[in-house]
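Please have a look at the model before reading on.

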Amino acid sequence: MAGATQPAAIRRRAAESDLSVGRVLLVTAGALFWGWLVASWLNRWLGGVVVPVGEPFVRPATVETALATLPGLAAYAEPIGFAVGISPEIARGAWLTIVITTVSLFIGFFIAVPLAVTRVYGRYSAYLSLGYTELLRGTPLLAQLFVLHFGLNLGAYVPGALSGVFPRNVVWVAILGFTLNGAAYQAEYIRGALESVEEGQITAGRAIGLSRVETIYYVVLPQGLRYAIPSWTNEFIYLIKYSSLAAFITVPELYYRADQIAASTFRYTLIFAVTGLAYLALVLTASKLMEAVEARVAIPGLGADRGR
Amino acid sequence: MTDESFLEVTDVSKWYGDEQVLHDVSFEMDRGDVTVLIGPSGSGKSTMLRCVNRLAEAQEGSIRLDGEDVLAPSTDVDDLRREVGMVFQGFNLFAHLSAVGNVALGPQRVLGLSKAEARDRATDQLERVGLGNQLDSYPAELSGGQQQRVGTARALAMEPKLMLFDEPTSALDPELIGEVLEVMHDLVEAGMTMLVVTHEMSFARAVADEIVFLDAGRVVERGPPEQLFENPEKERTDRFLDRIASHD
């Protein structure tokens, strides 16, 4: 009992003071990446207050000249200069990647929870939920996007209030596609977690007079959703990356921007290496964010909270 | 019937598939009585207990609580359960809630008390079981004995007219049993009506008004503790008590 009863606040503080070199590097890199990203967006939205829209914060030629004077980096001066040159387009594409991912994930969550609950506790609805999940997990995501975009041409039916929020209405089609598909995957992760909640918890809830639905809401979900966080983070990370499929229905997100530049400059390796780094930064941010969420909602004495 | 008992269990039978686990079980108790069900494991004690708040469904017979037909299709099980508290062998505390959260959940969500009222009531009940200093501890931070006392407070907070105890001390380390039995003793003294499944024979002997001995789903014998312990009529009861005694 002794170690386990330490108040969570003390343990949390202990973890924060653990400033290893790796942690410092990661936090610095993250701060630089997000600082640059947000600055790029603001510059664009405010009509080029710092540098003209579409221009990098530092001129590529300046970077190139500076690096060329450094003996070890001279050979990389030109590619790094080029990367600086395309950075505004990368930032611009990353905005849509982030929006599509987070909005789809968020809306998908509210579809996934009922899907998972009916899957575990429903009778006939369990089959409906199973059918939905298997259909959306069992067919290629790209094909689903094609059906929504080319087959049903849903971009033409975006309601007035939503129309015009994004540069192209097809962004909404992508969000719809990722929401429906992601919900199926999220539901599976949540289902697994709900099943790991002990039967005795439900018995206890019913025994104090909570109905079945109330027991699920007040007892099972608060626990199950916590247990789901680590595996659910997978879906978050996957979605960041497979949001790139939206490029195939002409959504100008990160992959689309990179592909456009590559097609006109033929510098595929360099461009996709830089794009890959941007995805990596987004994914690391997501996984660190979810780690923080997990620690934040940890039940004292249990799971992630233990021994940290 | 005018002189109906508070709880009347009459000829209750139950099957799991083809296996009959309860055979025409009958007993009754008055308000304020303590009845203890004893018997070897697998004898149907816990199943019988669970039939009373319909966590298990009796297939035949009748159970009447305070004049109401428990088994009637029209009986709302949630209404029934808010009047019948239950304490489990495995505690079954809500893992994500603090002690006070565990106890306040029922009053707030089932009885409709405000958050503050429910919290006050929970605090009172936790103080009653000696846990006034552990209000904000989580189940995983409490010992088994403390968890079981929270479990008892959780049931009491609903102000039940009958308390069911399903082997409340069986999962506890020996040195933690005493604190739970003490709380149960206090309840007996406060006049609570209690139906208890336990292997704690000294507790049974001390507080029970009636002991019901079950074996293989049948009531073998029942009677006041003095009679059943000192002078059992059935040889089967005698053998069981001997075996329990040799383990004490």
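Predicted model: local features only at pLDDT ≥ 70, side-chain atom pairs only at ≥ 80, totals over all residues.

Residues are numbered from 1 along each chain as its sequence is written, chains are lettered from A and ligands numbered from 1 in the order in which they are written, and side-chain values use heavy atoms, with hydrogens and water left out.

**Where the chains meet**

Chain B places 26 residues in contact with 26 residues of chain A, contact being heavy atoms within 4.5 Å. The size of an interface is often given as the accessible area lost when the parts come together. Here the buried area is about 2100 Å², with 65% coming from carbon and sulfur atoms; the term stands for the accessible area (1.4 Å probe) that two parts lose on being put together, summed over both.

One salt bridge links the two chains, that is, a side-chain nitrogen of Lys or Arg within 4 Å of a carboxyl oxygen of Asp or Glu. Its partners are R206(A) and D78(B), at 3.4 Å from N to O. On the chain B side, helix 2 (77-83), strand 6 (84-87) and helix 3 (99-109) each supply at least two of the touching residues. Helix 2 of chain B gives the most, with four residues. Helices (H or I, at least four residues) and strands (E, at least two) are DSSP runs, numbered from the N terminus.

**Strand 6 of chain B**

In a regular strand the side chains alternate between the two faces of the sheet. Both faces of strand 6 of chain B are covered, with V84(B) and M86(B) buried on one side and G85(B) and V87(B) buried on the other. Buried means under 20% relative accessible area (1.4 Å probe, protein chains only). Strand 6 runs parallel to strand 7 (residues 162-166) of chain B, joined by four bridges, and V87(B) stands opposite F165(B) in strand 7.

T123(B) lies in helix 4 (residues 115-128) of chain B, and L37(A) in helix 2 (residues 21-45) of chain A. The contacts in the table leave out neighbours within four places in sequence.

| Residue | Relative accessible area | Contacts |
|---|---|---|
| T123(B) | 16% | V100(B), L135(B) |
| L37(A) | 0% | A91(A), A94(A), I98(A) |

L37(A) and Y242(A) are 205 residues apart in sequence and 20 Å apart in space, C-alpha to C-alpha.

Note on methods
Buried < 20%, exposed > 50% of the residue type's maximum accessible area, 1.4 Å probe, protein only. Pairing = 2+ DSSP bridges.
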